[in-house]
Amino acid sequence: MTPDFEQAEEWEKRHVWHPFTQMREWTIPEHHPLFIVSGEGPWLRDAAGERYLDGNSSIWTNIHGHNHPRINRAITEQLSQIAHSSFLGLTHLPAGRLAKELVDLLPDSGLTRVFFSDDGSTGIEVAIKMTIQYFNQTGLPKKTGFAAFADAYHGDTLGASSLGGIANFHERFSAYQFPVSRVNDLEELTRVDAGTLAAIVIEPLIQGAAGMRTWPAGMLRQLREWCDQHQVLLIFDEVMTGFGRTGRMFACEHEAVVPDFLVLAKGLTGGYLPLAATLTTEGIYDGFLGDFSELRAFFYGHSYTANPLGCAAALASLQVFREERVLEQVTSVIPVLEEGLEQLKQLPWVQDVRQVGLIAGIELGPADGTSFDWGERVGARVCLAAREFGLLTRPIQDVVVFMPPLCVSADEIRFGIEAIRKAIEAVCG
């Protein structure tokens with residue numbers, strides 16, 4: 001390391017607190033953090049000049065690769081005008097353009113209104129609060145309950161985390177969260193009191209933080225029908241699955257199901273800047289209209305709501321989708337990923353692989369079919385070993401995630417799969 005990075009490492013260990021990280025391990029003398037200094041396409045480069053395939057799209061955010069010239073140019077052009085102004089009582093061109101383009105991505109869906117926030121967690125918060133206020137203002141004040149699925153993850157802010165079903169993330173804060181009916185499947189949902197239920201939340205097709213667990217085909221359609229029968233709003237969390245990850249622009253398109261709220265973030269700006277959008281219907285929007293003295297307006301917002309730089313990046317990302325025929329590219333390489341995952345299945349320590357589009361989870365365990373002891377941290381060790389073979393990714397316990405940017409080539413997918421294979425063999429063999 002150069003003297004500059006040696007100094008930076010000292011500051012890191014003395015002052016920085018990282019998310020989801022045991023900082024005692026991070027700050028020991030033997031640990032040297034990996035400094036990422038640049039990126040190009042699906043590749044990242046560290047301070048030592050080593051190159052790595054971005055195997056989890058920089059925590060599921062990057063869509064078109066790093067340093068994309070069109071998105072770079074759009075941000076620079078917007079920056080030359082203004083970086084930010086308040087969205088409270090003011091507006092700007094990129095926000096209106098982006099709202100229109102997002103609505104147009106789902107024509108005839110009825111999702112006609114867009115509320116901007118900062119990230120996936122706050123996008124979910126918007127849907128939660130809109131749901132509660134909507135029923136309160138439309139004559140159904142008893143509809144205050146929420147349902148979510150077991151092993152769900154919908155964010156870390158207090159409201160969004162109430163919907164979560166993964167104990168490691170949420171359990172210690174449960175005394176401060178609102179109660180949620182947690183169900184495993186549609187059969188259990190039918191036993192929930194629909195008279196007091198306001199909404200149910202789901203990640204369509206696949207649950208991310210649960211270990212890339214997939215839903216049965218047709219489930220979304222059945223869920224939509226049940227919600228319609230019981231006047232329950234349906235919230236789709238497409239923070240991870242949105243913007244081409246599944247092979248369609250949105251996961252809900254695979255079953256032609258439209259929710260009452262569609263929450264988008266992560267890939268919205270191509271993975272460049274924090275921005276989220278909560279789309280909803282004209283009917284829900286109308287429930288907030290009235291004289292200002294009635295306090296029917298939606299009293300919620302952030303300082304950086306609809307940040308112009310983020311909106312400019314998102315508009316450029318959507319342009320890239322159109323001009324570079326991104327969804328066609330994704331469709332062409334999905335079979336390559338499927339083939340590689342089939343090869344990994346042959347390893348004795350791979351118990352399952354789960355995949356939707358360019359989202360994959362490789363579940364590890366002993367050859368006898370039992371589970372590794374949590375304290376062994378096998379998944380984390382495999383991901384660390386993968387660095388030696390040119391791949392960066394993170395595990396979900398003992399599930400290794402492989403979710404590269406959509407610009408990834410067939411050969412780059414094969415490279416990533418081979419790195420995972422070598423890492424599994426190095427750790428488990």
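Visitor: Let's start in strand 10: which residue there is the bridge partner of Val201?

Guide: Ile235 is the bridge partner of Val201. This is a predicted model, where local features need pLDDT of at least 70, side-chain atom pairs count only at pLDDT 80 or more, and totals for chains, interfaces and linings use all residues. Residues are numbered from 1 along each chain as its sequence is written, and side-chain values use heavy atoms, leaving out hydrogens and water.

Visitor: Which strands pair with strand 10, and in what sense?

Guide: Strands are DSSP E runs of at least two residues, numbered from the N terminus, and two of them pair if DSSP finds at least two bridges between them. Strand 7 (residues 197–202) pairs with strand 10 in the parallel sense over four bridges. Strand 11 also pairs with strand 10 in the parallel sense, over three bridges. Have a look at Asp237, which stands opposite Val263 in strand 11.

Visitor: How many residues of strand 10 are buried?

Guide: Buried means under 20% relative accessible area, exposed over 50%, partly exposed in between (1.4 Å probe, protein chains only). Strand 10 (residues 233–237) has five of its five residues buried.

Visitor: And which way do the residues of strand 10 point?

Guide: Side chains in a regular strand alternate between the two faces of the sheet. Here Leu233, Ile235 and Asp237 point one way, Leu234 and Phe236 the other way, and all are buried.

Visitor: What does Gly267 touch?

Guide: Contact means heavy atoms within 4.5 Å. Leaving aside residues up to four places away in sequence, Gly267 touches Thr61, Ile63, Phe243 and Ser317. Leu223 is 44 residues from Gly267 along the chain, and 26 Å separates their C-alpha atoms.

Visitor: Which strands form a hairpin?

Guide: Strand 13 and strand 14 do, with two residues between them. Strand 13 (residues 350–356) and strand 14 (residues 359–364) pair in the antiparallel sense over six bridges, and Gln355 stands opposite Ala360 in strand 14. Check Gly357 in the turn: it has a positive phi of about 60°.

Visitor: What is the strand order in the open sheet of four strands?

Guide: The order is 1-2-3-15, with mixed pairing. Strand 1 (36–40) and strand 15 (391–392) are the edge strands, each pairing on one side only. Strand 15 pairs with strand 3 (residues 51–54) in the parallel sense over two bridges, and Leu392 in strand 15 is the bridge partner of Asp54.
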